[in-house]
Amino acid sequence: MRLLLLLAALFVSCAPRVPSPSSAAAPEVLVFAWTSMPFDFRTSSEAEAYRDAGVFKRAPLAGVEVDREGNVYVTTPRWLDARVPSTLSRVVTVNGQPVLRPFPTWEQNALGRPDAFQNVLGLEVDSQDRMWVLDMGWVAGVDGVPDGAQKLVVIDLRTGAELRRYAIPDSVADRRTSFLNDLAIDEARELAYLSDSGNRAGAPTASGIIVYDFKANSARRVLDRDPAVTDDPARTLVVDGEPVFASGRLAVGLNGIALSPDGETLWWSITTGDALYRAPTAILRDPSASPQRLAAAVAGPRRIGGGSDGLTVDARGRVYVTNLARNAVEVLDPATDTLTTLAGGPDFVWPDSLSWDDRGGLYVSTNRLHHAFSGRLSYDGPAPNFRIFRIPTDSSKGFVLPQAQTPKGNR
């Protein structure tokens, strides 16, 4: 039996519950909650090192994704500590508790191996059970990014086979400045749109959008450092009423990225800013389009009153956006240009990533990242720092199972 690390001290039970009343317009359910992220360690020495070295204080939850069978996957980026045990994991139940099992394997999350996942934030599962994994390549405290570490990998979840691997060259995303963040998949055209937040360049951010062709296994960069994708110099990132850093300014450009149901419009959000933008994909797909023509095709800013991290679009074309200033998940209806709150409140501090299940459930991860960055999170008490909610909606991303299934991590 695999040994787990002091479970009672490290995380809170994940028994689903209805949270305390808030301003939420939907009855969200808490699916998982952890004080710190627990891993399904292979040995007691691995568990002890994670605890004794304090790595558990530098392993925040970030991305969440749900596959067609209801499996929940999470990312724990190696932003703050290279020793985070795994950067991509599936949530499984061991001894009645939800823990993170490295996905696909421990070896494929091994630190220092460019062919393995080094620092994953964004991932997406499409309707064909293909998981698209975006690996930043760089890790905290390590100079340089080895060739092949910065990559996009596509895995067939049914067979475990690797379908594509694209090592992202510096001409597409400069490894010195890149912060590969999120992705949106156009299955009909076999394309993916990747957001490079460009954080590591400072301000202004070296942001841009990457258009990846699955069949050709090639990519182009568009809107490079355009004002519509970079951080807003007039704004500071405010979360739960306070700047992320007491001194200095965190500059993050475009982050969440999502496609309209017909694949004709690409939406994106700005984290250090307060706006959404959109552009027709026909021009983004056109390799002959000049930078000037691309910039002129962008619509926005559509002000939302706060910076955003996650973004998704449902089958009806409505845009769901996490609002960091308002501790909320909001919905923009493009038909009426109305913005409404779907869920929010004190448990939604830094709502991060969004993902759909097959039954119209919208999953959202929350993580208080501003306090994780500054070392102000408390890991000693019972209150969870990291949560995953499921918010029922009247829509979905589009794929439907023959029958509803319960996420396996809850069984």
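Predicted model: local features only at pLDDT ≥ 70, side-chain atom pairs only at ≥ 80, totals over all residues.
**Exercise 1. Aromatic pairs**

*Solution.* 

Step 1. Tryptophan 132 and tyrosine 212 form an edge-to-face pair, at 6.4 Å centre to centre and with 85 degrees between the planes.

Step 2. This pair links distant parts of the chain, 80 residues apart: tryptophan 132 belongs to strand 7 (residues 130–135) and tyrosine 212 to strand 12 (residues 208–213). Helices (H or I, at least four residues) and strands (E, at least two) are DSSP runs numbered from the N terminus.

Step 3. Both partners lie inside the protein by the burial criterion: tryptophan 132 is buried at a relative accessible area of 0%, and tyrosine 212 is buried at 1%.

Step 4. A second pair joins tryptophan 350 to phenylalanine 373; the ring centres are 6.0 Å apart and the planes stand at 90 degrees, so the pair is edge-to-face. Because tryptophan 350 lies in the loop between strand 23 (338–344) and strand 24 (351–356), and phenylalanine 373 in helix 5 (residues 369–374), the pair ties together parts that are 23 residues apart in sequence. Phenylalanine 373, at 26% relative accessibility, counts as partly exposed.

Step 5. One aromatic cluster is formed by Phe39, Phe41, Tyr50, Phe56, Trp106 and Tyr379.

**Exercise 2. The surroundings of glutamine 118**

Where is glutamine 118 found, and which residues does glutamine 118 touch?

*Solution.* 

Step 1. Glutamine 118 occupies the loop between strand 5 (97–102) and strand 6 (120–125). With 4% relative accessibility, glutamine 118 counts as buried.

Step 2. Leaving aside residues up to four places away in sequence, glutamine 118 touches Arg78, Thr87, Ala110, Leu111, Gly112, Arg113, Asp135, Gly137, Val139 and Ala149. Contact means heavy atoms within 4.5 Å.

Step 3. Across the chain, 55% of the contacts between residues at least 6 apart in sequence join residues at least 24 apart.

**Exercise 3. Backbone geometry**

Which peptide bonds are cis, and what is phi of leucine 223 and of aspartate 240?

*Solution.* 

Step 1. Most residues other than glycine have a negative phi, and most peptide bonds are trans.

Step 2. The bond from phenylalanine 103 to proline 104 is cis, with omega near -5 degrees; proline 104 sits in the loop between strand 5 and strand 6. Alanine 203 and proline 204 are also joined by a cis peptide bond, omega being about 0 degrees, and proline 204 falls in the loop between strand 11 (191–196) and strand 12.

Step 3. Leucine 223 has a positive phi, near 55 degrees, and lies in the loop between strand 13 (218–222) and strand 14 (238–239). Leucine 223 counts as buried at 7% relative accessibility.

Step 4. Aspartate 240 likewise has a positive phi, near 55 degrees, in the loop between strand 14 and strand 15 (242–243). Aspartate 240 counts as partly exposed at 36% relative accessibility.

Conventions:
Residues numbered from 1 in each chain as written. Heavy atoms only, no water. Phe/Tyr/Trp six-rings, centres within 6.5 Å; stacked < 30°, edge-to-face > 60°. Buried < 20%, exposed > 50% of the residue type's maximum accessible area, 1.4 Å probe, protein only.
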